[in-house]
Amino acid sequence: QVQLVESGGGLVQPGGSLRLSCTASGNIFNIGAMAWYRQAPGKQRDLVAAATIYGGIEYSDSVRGRFTISRDNANNTVYLQMNSLKQEDTAVYYCRMLVQIQNGGPRLQYWGQGTQVTVSS
């Protein structure tokens with residue numbers, strides 16, 4: 001099986017920074033797209049940033065210019081550097097990866113357990 005473990009969430013003041021990380025472990029042959037989503041109370045889970053295995057990157061309009069996604073393929077890890085944080089960034093952040101567990105097999109999606117980010121003075 002494959003597990004995704006996140007870390008790096010916490011409480012930060014407006015204007016501050018946090019760095020989230022998410023590492024996959026288990027029976028992994030290859031990982032395709034890696035992404036971060038977030039879900040605020042009472043709202044749907046939305047895409048924050050995504051990085052493909054080919055180097056393509058996309059951001060939601062609300063975080064572009066403030067957040068940076070990066071991936072360490074050798075260590076099956078994705079990061080989210082969050083700068084200039086705002087109160088509206090408060091949410092539970094989830095990582096998602098498309099994992100191939102055997103050569104020629106399909107890529108299946110896996111989610112992390114979520115990490116709380118709270119931006120408050």
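In the predicted model described here, 4 strands form an open sheet in the order S1-S3-S8-S7, with antiparallel pairing. Strands, like helices, are DSSP runs numbered from the N terminus (for strands, E, at least two residues; for helices, H or I, at least four). Two strands are said to pair if DSSP finds at least two bridges between them. The edge strands of this sheet are S1 (2-7) and S7, each of which pairs on one side only. Neighbouring strands of the sheet are turned by 15 degrees against each other on average, direction ignored. Such angles are taken between N-to-C directions and run from 0 to 180 degrees, the axes being lines fitted to C-alpha atoms, for helices over the stretch in contact. Residues are numbered from 1 along each chain as its sequence is written, and hydrogens and water are left out of side-chain values, which use heavy atoms. Because the model is predicted, local features need pLDDT of at least 70 and side-chain atom pairs count only at pLDDT 80 or more, while totals for chains, interfaces and linings use all residues.

Within the sheet, S1 is joined to strand S3 (residues 18-26) by 6 bridges, and the two run antiparallel. Leu4 has Ala24 of S3 as its bridge partner, and Ser7 has Ser21 of S3. S3 also pairs with S8 in the antiparallel sense, over 6 bridges. Here Leu20 stands opposite Leu80 in S8.

Strand S4 (residues 30-39) and strand S5 (residues 46-51) run antiparallel and are joined by 5 bridges. The bridge partner of Trp36 in S5 is Ala49. S4 and S5 form a hairpin with 6 residues between them, and Gly42 in the turn has a positive phi of about 75 degrees. S5 pairs in turn with strand S6 (residues 57-59), in the antiparallel sense and over 3 bridges. Ala49 stands opposite Tyr59 in S6. The hairpin of S5 and S6 has 5 residues between the strands, and Gly55 in its turn has a positive phi of about 100 degrees.

Phe67 lies in strand S7 (residues 67-72). This residue is buried, because its relative accessible area is 2%; buried means under 20%, exposed over 50%, and partly exposed in between (1.4 Å probe, protein chains only). Not counting residues up to four places away in sequence, Phe67 touches Arg38, Val48, Tyr59, Leu80, Gln81, Met82, Asn83, Leu85, Asp89 and Tyr93, where contact means heavy atoms within 4.5 Å. The C-alpha atoms of Phe67 and Val48 are separated by 8.7 Å, and the two residues are 19 residues apart along the chain.

Asp89, one of the residues that Phe67 touches, lies in the loop between strand S8 (77-82) and strand S9 (91-100). Asp89 is buried, with a relative accessible area of 1%. With neighbours within four places in sequence left aside, Asp89 is in contact with Arg38, Arg66, Phe67, Ser84, Val117 and Val119.

Ser84 is also placed in the loop between S8 and S9. At 40% relative accessibility, Ser84 counts as partly exposed. Most residues other than glycine have a negative phi. Ser84, although not a glycine, has a positive phi of about 50 degrees. Asn76, in the loop between S7 and S8, likewise has a positive phi, near 55 degrees. Asn76 counts as partly exposed at 22% relative accessibility.

Gly15 is placed in the loop between strand S2 (10-12) and S3. Gly15 counts as exposed because its relative accessibility is 54%. Leaving aside neighbours within four places in sequence, Gly15 is in contact with Ser84 and Leu85. Gly15 and Ser120 are 105 residues apart along the chain, and their C-alpha atoms are separated by 9.7 Å.

The largest pocket is lined by Arg38, Gln39, Ala40, Lys43, Gln44, Asp46, Ser62, Glu88, Thr90 and Ala91. On a 1 Å grid over the protein atoms alone, a pocket is an open set of points with protein on both sides within 12 Å along at least five of seven lines, and lining residues have an atom within 4 Å of a point. By class, the lining has 2 nonpolar, 4 polar and 4 charged residues. Ala, Val, Leu, Ile, Met, Phe, Trp, Tyr, Cys and Pro count as nonpolar, Asp, Glu, Lys and Arg as charged, and the others, Gly among them, as polar.

Key:
1 Å grid on protein atoms, 1.4 Å probe; cavity = no way out; pocket = protein on both sides within 12 Å on 5 of 7 lines; lining within 4 Å.
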